[in-house]
Amino acid sequence: MKMPTPNADTLKRRGEIIERLRAIVPGEGVIVDENELKAYECDGLMAYRQLPMIVVLPETTEQVSAVLKTCHDMDVKIVPRGAGTGLSGGALPLADAVTLGLGKFKKIIDIDYDNRCVVVQPGVTNRAITEAVEDAGYYYAPDPSSKIACTIGGNVAENAGGMHCLKYGLTTNNVLGVEMVLMSGEVVRLGGKHMDAGGLDLLGAVTGSEGLLGVITEVTVRILKQPEVARGVLVGFPSVEAGGECVAKIIGSGIIPGAMEMMDKMIIGAMQDFVDSGYPLDVESLLVLELDGPEAEVQYLTDRVKDIAASVGSTYLRVSESDEERQQMWKGRMSAFPSVGRISPDYMTMDGTIPRHRLADVLTRMNELSQQHGLRVANVFHAGDGNLHPLILFDANKPGELDKAEAFGHDILRLCVAVGGVLTGEHGVGVEKRDLMGEMFTEDDLKQQQRLKCAFDGSGLLNPGKVYPTLHRCVELGRLHVTDGNIPFPDIPRF
Amino acid sequence: MTDILKPDNVAQILGLIKWAVAEKSPLQVCGHDTKSGLGAPSACEHILDLSDLSGIELYQPSELVMTAKAGTPVAEVQAALDEAGQMMAFEPWQPGALYGTEGGTVGGLFASAVCGPRRPLAGSARDHLLGFEAISGRGEVFKSGGRVVKNVTGFDLSKLMAGSMGTLSVMTQVTFKVLPKPEKTRTVLVFDPTDAQRAMLDAQNSPYEVSGVAHLPTDIAAKSAVSYIKDKGAGIVAVRVEGPAPSVEVRCQSLRDVLGAYGEVEELHTHNSATLWREVRDVEFFKGDADLWRLSVPPAEGVKIASQLGGTYFLDWAGGLIWLQASGEDAQRIRAAMASGHATLMRGSKDMRRSMPVFQSQSDGLAALMNRVRAGFDPHTILNPGRMGGG
C-alpha cells in the first residue's frame, strides 16, 4: 500500500504548526507526544499503521473552522477521524498530516419527536442516539455492528449500513441535514429538519465521501417509531444453494424482512462456540431473519416464511417466542467477527456486494479461490441485499500468509465486480480498496468523481491518498478534451 | 429557429455535446418535454431530445432492480413493473395536472426527482437511483453507482444527479431500485379535525407504518373525485396504510382509535384510496394555470406556515410539504415564512420564472460551492443553462 510521500517541508514546520494549532485549541487538545500519538496510528483496519504528525481535538465548530483554515493557509493536510472503528483505513493517519479527531463533539443538541428527528454532534455514538429516544418508543435505524462504539459523524462519512438497512435504508436514507466545514474553513449547512435539501443534493454527495469533502460538525438524523413486535426466525438448510434460493423466494414473494442474515457452516460453529444462540450445527447454511410490525402482520409473514422455507427443503426452523430469545438469536450473528478468533489466529474481513441471484456461483468460485490461495474462508452476509463479508483466515506469524490473504481478498472483490456487484457495500474504499477502484471504474469515471472533490477542496488537503488510486491535481482535471466541433451530424434526425 | 436533435445512441449524443462545446451553443436537454414548466425557461437554439434513446435494458424482479435507457417512457417502465407486481416506491408524479402535458421519460423522472406522498416512509427518487451512465458537459462518457442496493464505492454521484434538472450531465441510462406492490391499501379519514397538525403527527409518529399523511382543507376536499370526501363539506386528514392484508386491517383499526380523538373517522377502500392519493401526488386540485408553490418544511410547522401565508393550500408528508396557490410575486413573503426549508415556484409564467429565482436561493457560500460543483461537470454551461438558477 503506497501512501503519498510525506512533504519534507511540512515536517520541518511541525513546531510552527503545533504553535498555531495550540493558539486555536488550548491545553490537551493538541497531542504531540509520540506515546500519545500512538493511540491514533490506525483505525479498525489494523494492518496499516502510521503515526500522525499531530493530533488535534477541537470542541467547537469555530475551532474546527479555524484549524482547517490554518492548515489550508499553511498547506498542511488533514485526516478527519471519528471513533476510529472504520474497517477500510479511511482514518489512517499520514506522516505529514494533522489528524483531526471529533471525539469531543458528544452532545445531543435537540430531540424533536414531532419532526421525528434528532440533532447531534458528530462524536455521539450510533447506539447513543437510539438510547436517547428509546424510552419514548423511537430508534435510529442504521445499525452497523460497531454501533456501541462508532460515531454518527463517521457513519455519515462512510455511509454506514447494518442489518436493518434492507428495509430501512443506509445512513444516506436516514440523514436529513449536516453542518460541515470545508477545507477553506468555511462553514456550510446542507438540509435540515425538512425533507430534501434545496438546490443540488450536496448532502447526498457528502454522505459516504469518506472525509474527502469536508469535516462534519453536526448531524440531523430521522428517527423511527419502534415496531410493535419484532420476531426472530432461524432457518437451516442442507446446502448454501437452498439458503440462497430461500432468500430469493422471500424477496420475490414481496416480503422485505427487517433484517435477513446468512452464514455458512464454518462460521455457524464458531459463533455457537462463542455465544450460545441455539444455532443448529448440522446444517450447511443458516438464515437469521427478523420480521417486524404489528402482531397480526408478523404472524402472517412468519407463516409465509415457514412455507417458503419448507418449499426449498429447509431442515431446521425455529421462531423466537420472547424478545430475549430473539436477542439471543442475534447475539450469535453480532459476534461473527470475534468468534472467528477461535478458529484462526488472524482473519481479514472483506466487504463486497453482488446481485443476489449470483450468490451460489460466487460461493463456488470463492471456494475454488480458497484452494488456489491455500487459505480458508468463512462467510457471513447481509443476505437480503447481497452484501458479503467473507472472512479470510490466516496466521500472520507464518511468513507470506498476510500477502496471500491480501491477494485472496482482492480476487474476491474482483469477482464481486465481475458478476455485476461492487467493491464495497458498507465499509468504504479507504486505503484498503483504493487500488481496486480501476476494477469498477474507468479513468473518466474516476476523474469525474475527483472533480467533485476539487469543488469542495481545491487544494487537495483533506484526507489525500484515500479512495482514489491516482492523485490528480485539480488543475489537471480541469482540462477539456473537446477538439473537433465542426461535425454536421447528417445521421441524426432533426426536426 | 430552434433545432430539435433526436439522437438514438450514446455515440451520437457524445458527438453532439462535443460539437455544442466547440460551438459554445447550449443545449436544452429533454425527454418528452413534459416538465419544461419547472425551472427557469431555457433559451437554447438546440434541443437535445432523448426520447429515441429508449428501452428497458435489464429487469430482475427478484433483485428489485431495473436498468433503462433515459428516454424510456415512464408508462413502459410502469407496465413492466405492474406485470411483476412491483412499483417505484417513491411514487413518481405525473405532471399533467400542473402543466397539461402527457407522457414523461424515466430520465426526466430522475432528473427532476419530484416524488409523491410515500416520501416520509419510502424516500424520494434520489433514494432509489442506484446508478447511472451519463455524458458530462466536458464531452466525457462516465458512470457512477451500480446495480445493487448496497454500495458505498466512491462518491455517490447518483444523489447529485437526482434533481439536478439536466444541468450537470446528460444521463443516458439509469438503474433504480423497485419494490413489491403492497397487497392491500386502506385510508383512514378524519373529517373536520379539531387539530389537523396534531392528528397528522400522531399518525406519522405511530408504530403503524403509515405510507401517506395529508391534510385537505374544506375548499380543497370539495374538489376531490372521491364522493365520500367531496360531498361531506368538511376538511380532512387522510392517512394511508399499505401492506399484507391482515396487517392493514389491524393497523387501520388502531389508527381509527388514535385519530377518533380528532373527529369523525371513516375508511376508504382500494379504489377510492387510489383516487385520493393520485390526486394528492399529482396535485390534481390545482389544475389550471394559477401560480403554484411547493414548500418543503419541518412537518410539525406545515399547518402553521400554510395558514399564516393564507390562500388556497393543502399539505402532504404529514405537514412537511405545502402546496400553495399564491402569486409568484409573493416569493419573498413565502420564503420568509420558513425558518428552515425551501420553496419552489412549481408553476408560473415564463416571464415570471425568468425574472425571479424559481428554486430557493442559497447562502453565498453554498451557492458558490454549488457553482463549483456544476463547473466540475459542465464548465462551459452548455447543458440546460440557468434552469436551476445560479445556485
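This is a predicted model: local features need pLDDT of at least 70, side-chain atom pairs count only at pLDDT 80 or more; totals for chains, interfaces and linings use all residues.
**Exercise 1. The second largest cavity**

*Solution.* 

Step 1. The second largest cavity holds about 370 Å³ of space. Its lining consists of 26 residues, and those closest to the centre are Val29(B), Cys30(B), Gly31(B), Gly108(B) and Ala111(B).

Step 2. Two or more lining residues come from each of β2 (27-30), α4 (106-112) and β9 (169-177) of chain B. Of the elements, α4(B) gives the most, with 4 residues.

**Exercise 2. The largest cavity**

Determine the volume of the largest cavity, and state which elements each supply at least two residues of its lining.

*Solution.* 

Step 1. A search of the whole structure returns 8 cavities of 30 Å³ or more. The largest has a volume of about 650 Å³.

Step 2. Its lining comprises 43 residues; nearest the centre lie Met195(A), Asp196(A) and Ala197(A), together with Ser124(B) and His342(B).

Step 3. From chain A, β8 (175-181) supplies at least two lining residues, as do α5 (119-122), α6 (125-128), α8 (196-204) and β18 (342-347) of chain B. The largest share, 4 residues, is that of β18(B).

Step 4. By class, the lining of the largest cavity contains 19 nonpolar, 14 polar and 10 charged residues.

**Exercise 3. The interface of chains A and B**

Describe the extent of the interface between chain B and chain A, then its polar contacts and its salt bridges.

*Solution.* 

Step 1. In chain B, 86 residues are in contact with 102 residues of chain A. The area buried between the two chains is about 7900 Å², and carbon and sulfur atoms give 58% of it. Lys150(B), Val152(B) and Phe155(B) supply 12% of the area that chain B buries against chain A, more than any other three residues.

Step 2. The count of salt bridges between the chains is 9. Arg126(B) pairs in this way with Asp201(A): the closest N and O atoms are 2.8 Å apart, which lies within the 4 Å cut-off for a salt bridge.

Step 3. Across the interface, 33 residue pairs are in polar contact, both residues being at pLDDT 80 or more. On the side of chain B that touches chain A, helix α16 (residues 364-377) gives the most, with 9 residues. By class, that side has 39 nonpolar, 26 polar and 21 charged residues.

Definitions and conventions: Residues are numbered from 1 along each chain as its sequence is written. Chains are lettered from A and ligands numbered from 1 in the order in which they are written. Side-chain values use heavy atoms; hydrogens and water are left out. Contact means heavy atoms within 4.5 Å. Buried area is the accessible area (1.4 Å probe) that two parts lose on being put together, summed over both. A salt bridge is a side-chain nitrogen of Lys or Arg within 4 Å of a carboxyl oxygen of Asp or Glu. A polar contact is a pair of N or O atoms within 3.5 Å; within protein, one must be able to donate a hydrogen and the other to accept it, and residues adjacent in sequence count only if both atoms are side-chain atoms. Ala, Val, Leu, Ile, Met, Phe, Trp, Tyr, Cys and Pro count as nonpolar, Asp, Glu, Lys and Arg as charged, and the others, Gly among them, as polar. On a 1 Å grid over the protein atoms alone, a cavity is a set of points where a 1.4 Å probe fits but cannot get out, and a pocket is an open set with protein on both sides within 12 Å along at least five of seven lines; lining residues have an atom within 4 Å of a point. Grid points are joined across faces, edges and corners, and a volume is the space filled by probe spheres set on the points.
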